[in-house]
Amino acid sequence: MVDDSASALHSIADFVRGYETDARLRGFRCQNCSLVTATWGLACSRCGEPKLEEFALSDRGRVVAFTVLSVPGEEFLNDAPYAYVVVDLDGGGRVTGWMPAVKADSDLSIGAPVRFVPGYKPGVQFAKLPPGEER
Ligand SMILES: [Zn+2]
């Protein structure tokens with residue numbers, strides 16, 4: 001029998017809703033091995049531990065992959081072209097998001113420091129850190 005008092009806290013619906021209502025990124029931390037992940041799951045992807053606690057992710061990270069899209073879906077029509085980005089957050093967690101200011105491959109580079117921008121647009125929006133805030 002699984003103790004679902006903990007898992008009830010993070011249904012996939014709650015998780016998706018969190019992105020829409022909170023101005024922060026939410027993830028999970030394994031209570032057994034402390035792995036931090038941004039990906040919802042029934043158990044830890046590293047050790048299989050089912051007890052994952054909600055964990056506030058950093059809003060800063062670095063780009064590990066990106067691609068510039070010029071033919072977007074309807075929701076992003078006015079923002080095209082933009083970049084689809086994969087970001088490794090400081091302190092753990094990997095999230096996918098998008099950056100409206102990136103119009104060409106030369107506008108961004110792998111390893112670039114970025115920050116999460118809360119907004120009304122769907123998805124997780126990132127922006128480049130201004131010079132001086134980079135570490
Ligand atoms: Zn684990």
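Predicted model: local features only at pLDDT ≥ 70, side-chain atom pairs only at ≥ 80, totals over all residues.
Next I turned to the overall layout, where I found 2 helices and 8 strands, following one another along the sequence as α-α-β-β-β-β-β-β-β-β.

I then looked up an open sheet of 3 strands, whose order is β2-β1-β3 and whose pairing is antiparallel. Because β2 (36–37) and β3 (52–56) stand at the edges with a single partner strand each, one side of each is left without a neighbour in the sheet. Between β1 (residues 26–30) and β3 I recorded 5 bridges, and I noted that Arg 29 has Glu 53 in β3 as its bridge partner.

Which residues coordinate the zinc ion? I found the SG atoms of Cys 30, Cys 33, Cys 44 and Cys 47, at 2.3 to 2.4 Å, with the spacing C-x2-C-x10-C-x2-C along the chain. Since Cys 30 lies in strand β1 and Cys 47 in the loop between β2 and β3, this pair ties together parts that are 17 residues apart in sequence. The 4 donor atoms subtend angles of 102 to 115° around the zinc ion, so I wrote the arrangement down as tetrahedral.

Finally, I asked of Cys 30: buried or exposed? Cys 30 is buried, because its relative accessible area is 3%, whereas Cys 47, at 36% relative accessibility, counts as partly exposed.

How values were computed: Residues numbered from 1 in each chain as written. Heavy atoms only, no water. Pairing = 2+ DSSP bridges. Helix = DSSP H or I, 4+ residues; strand = E, 2+ residues; numbered from the N terminus. Donors = N, O, S within 2.8 Å, 3.2 Å for Na, K, Ca; no water. Tetrahedral: all angles 85-135°; square planar, octahedral: opposite > 155°, others 65-115°. Buried < 20%, exposed > 50% of the residue type's maximum accessible area, 1.4 Å probe, protein only.
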